[in-house]
Amino acid sequence: MNIFQWLNDQLLRMQWLHDLVRLLVEEVFGLSMASRIGGSLHFFIYDVIKIFILLSVLIFGISWVQSYFPPERTRSILGNMRGVRANTMAALLGTVTPFCSCSSIPLFIGFTGAGLPLAVTFSFLISSPLVDLASVILLASIFNWPIAVAYVVVGLVLAVIGGTLIGRAGMERYVAEFVRQQRVGEIPLEQLTLKDRLAFAREQVREIVSRVWLYVLIGVGIGAFIHNWIPQSFVTALLGQDKWWSVIVATLIGVPMYADIFGTLPIAEALVGKGVGLGTVLAFMMAVTALSLPSLIMLRKVVEPPLLALFFVIVTGGIMLIGYVFNAFSHLLL
């Protein structure tokens with residue numbers, strides 16, 4: 001085993017934690033890992049601890065990076081670009097911003113009010129909840145690095161293409177008047193000290209963990225239930241890779257839900273273990289994070305129905321296309 005594989009197993013997959021929890025379940029609780037209760041308990045304890053450890057470390061590091069990119073600097077960078085280059089930069093900057101669709105909308109309002117083109121602001125809005133730096137590490141900890149990188153790449157491509165199509169539709173008139181009238185003042189970039197950046201990173205960890213902990217517990221609970229209690233034959237009959245409708249069903253199931261990638265990963269892990277296609281699982285994750293019902297309701301407050309419908313159709317269609325492509329070529333990644 002090379003050093004990279006060892007680091008991946010011990011630091012990301014946390015094999016040491018897996019073994020410790022197995023000892024806890026078998027030696028302390030007296031349960032067999034082969035039993036449904038024992039397997040469920042192990043899945044729940046191991047995934048909850050692993051996700052919160054990774055989440056805290058990653059948020060701290062990402063928040064450190066984010067302290068160099070306050071909204072004023074981000075707006076300034078995007079304001080000097082045009083075309084696909086601007087869309088691409090907006091999508092990339094979305095990876096270091098808040099972790100759920102609802103928290104991205106206030107920044108979307110600020111960017112739109114500052115006069116940035118719709119193409120740029122929608123590329124940011126799609127990318128921000130869909131792809132973040134933490135998702136790369138967490139996906140790699142559950143699946144592998146090729147899948148993690150592929151997810152990020154297709155997420156960014158969807159954000160760039162989606163934003164570009166919305167921009168070319170010429171629907172600026174469907175943005176709410178209060179958004180267009182809002183103007184963000186020129187605030188000088190604050191010179192943060194090392195102590196300030198550490199405090200900011202710690203506060204971000206506290207704020208984001210307090211916001212997502214319940215969804216993580218629910219997601220892990222659902223994952224444990226699927227993994228140990230639902231027969232594989234039932235799951236594959238509904239969402240099996242050989243079913244043409246699996247991607248469509250997974251996408252439509254994901255839209256009404258509200259969670260972020262941290263809450264959906266344990267469910268994705270359990271579904272893949274039951275034989276669901278990788279593309280179907282990724283479509284579900286993308287639908288939950290990018291098209292959650294609460295975020296669509298919030299977005300309706302700032303854009304008119306025609307623009308909201310175009311956004312929904314483009315992103316939904318893109319997610320389904322990605323799902324089918326991944327199902328077709330997943331053997332190259334697994």
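A residue counts as buried under 20% relative accessible area, exposed over 50%, and partly exposed in between (1.4 Å probe, protein chains only). This is a predicted model, where local features need pLDDT of at least 70, side-chain atom pairs count only at pLDDT 80 or more, and totals for chains, interfaces and linings use all residues. Residues are numbered from 1 along each chain as its sequence is written, and side-chain values use heavy atoms, with hydrogens and water left out.

Figure 1. Helices (H or I, at least four residues) and strands (E, at least two) are DSSP runs, numbered from the N terminus. Of the 334 residues in the protein, 53% count as buried. Now look at who touches whom: among contacts (heavy atoms within 4.5 Å) with a separation of 6 or more, 82% come from residues 24 or more positions apart. The accessible surface is about 15000 Å² (Shrake-Rupley method, 1.4 Å probe; for residues, only the protein chains shown count as cover), and carbon and sulfur atoms own 70% of that surface.

**Figure 2. Here is the largest nonpolar core, with 94 residues.** A nonpolar core is a set of buried Ala, Val, Leu, Ile, Met, Phe, Trp, Tyr and Cys residues joined through side-chain atoms within 4.5 Å. Which residues touch the most other members of this core? They are Phe122, Leu299 and Phe311. Zoom in on Phe311: leaving aside residues up to four places away in sequence, Phe311 touches Phe122, Leu125, Ile126, Ile166, Ala290, Leu291, Leu296 and Leu299. There is also a second, separate core of 10 residues, and among them are Leu78, Met81, Ala86 and Phe124.

**Figure 3. A nonpolar patch sits on the surface.** Patches are made of residues with over 30% relative accessible area and no salt bridge; like charges are joined within 9 Å, and nonpolar side chains (Val, Leu, Ile, Met, Phe, Trp, Tyr) within 5 Å. The members of this one are Trp16, Leu20, Leu23, Ile49, Ile53 and Val57, and together they have about 520 Å² of accessible area. Helix 2 (15-28) and helix 3 (36-66) are the elements that give two or more residues to the patch. Pick out Leu23 in helix 2: its relative accessible area is 40%, so Leu23 is partly exposed.

**Figure 4. The protein has 2 salt bridges.** Side chains of opposite charge can pair when their charged atoms come close. For a salt bridge, a side-chain nitrogen of Lys or Arg has to be within 4 Å of a carboxyl oxygen of Asp or Glu. One of the pairs is Arg22 with Glu26, whose closest N and O atoms are 3.5 Å apart. Arg22 and Glu26 are separated by about one helical turn, because they are 4 residues apart in helix 2. Arg22 is partly exposed, at a relative accessible area of 29%, and Glu26 is partly exposed at 29% too. Arg206 and Glu203 also meet in a salt bridge, 2.6 Å from N to O. They are 3 residues apart in helix 11, so about one helical turn separates them. Glu203 is partly exposed, with a relative accessible area of 36%.

**Figure 5. Arg197 is a buried residue with no salt bridge.** Its place is in helix 11 (residues 194-229). How far away is the nearest side chain of opposite charge? That side chain belongs to Asp196, and it is 7.6 Å away. (Lys and Arg count as positive, Asp and Glu as negative; His and the chain ends are not counted.) Not counting residues up to four places away in sequence, Arg197 touches Trp64, Ser67, Tyr68 and Leu192.

**Figure 6. Phe43 and Asn228 are 185 residues apart in sequence but 8.9 Å apart in space, C-alpha to C-alpha.** Phe43 is found in helix 3. Buried or exposed? Phe43 is buried, with a relative accessible area of 7%. If you skip residues up to four places away in sequence, Phe43 touches Val220, Gly223, Ala224, His227, Asn228, Pro266, Glu269 and Ala270.

**Figure 7. Gln241 belongs to the loop between helix 12 (232-239) and helix 13 (246-254).** With 39% relative accessibility, Gln241 counts as partly exposed. Gln241 and Asn327 are 86 residues apart in sequence, yet 6.8 Å apart in space, C-alpha to C-alpha. Beyond residues up to four places away in sequence, Gln241 touches Gly275, Gly277, Asn327 and Ser330.

**Figure 8. Met285 lies in helix 15 (residues 278-290).** Met285 is buried, with a relative accessible area of 0%. From C-alpha to C-alpha, Met285 and Ala250 are 8.7 Å apart in space, and they are 35 residues apart in sequence.
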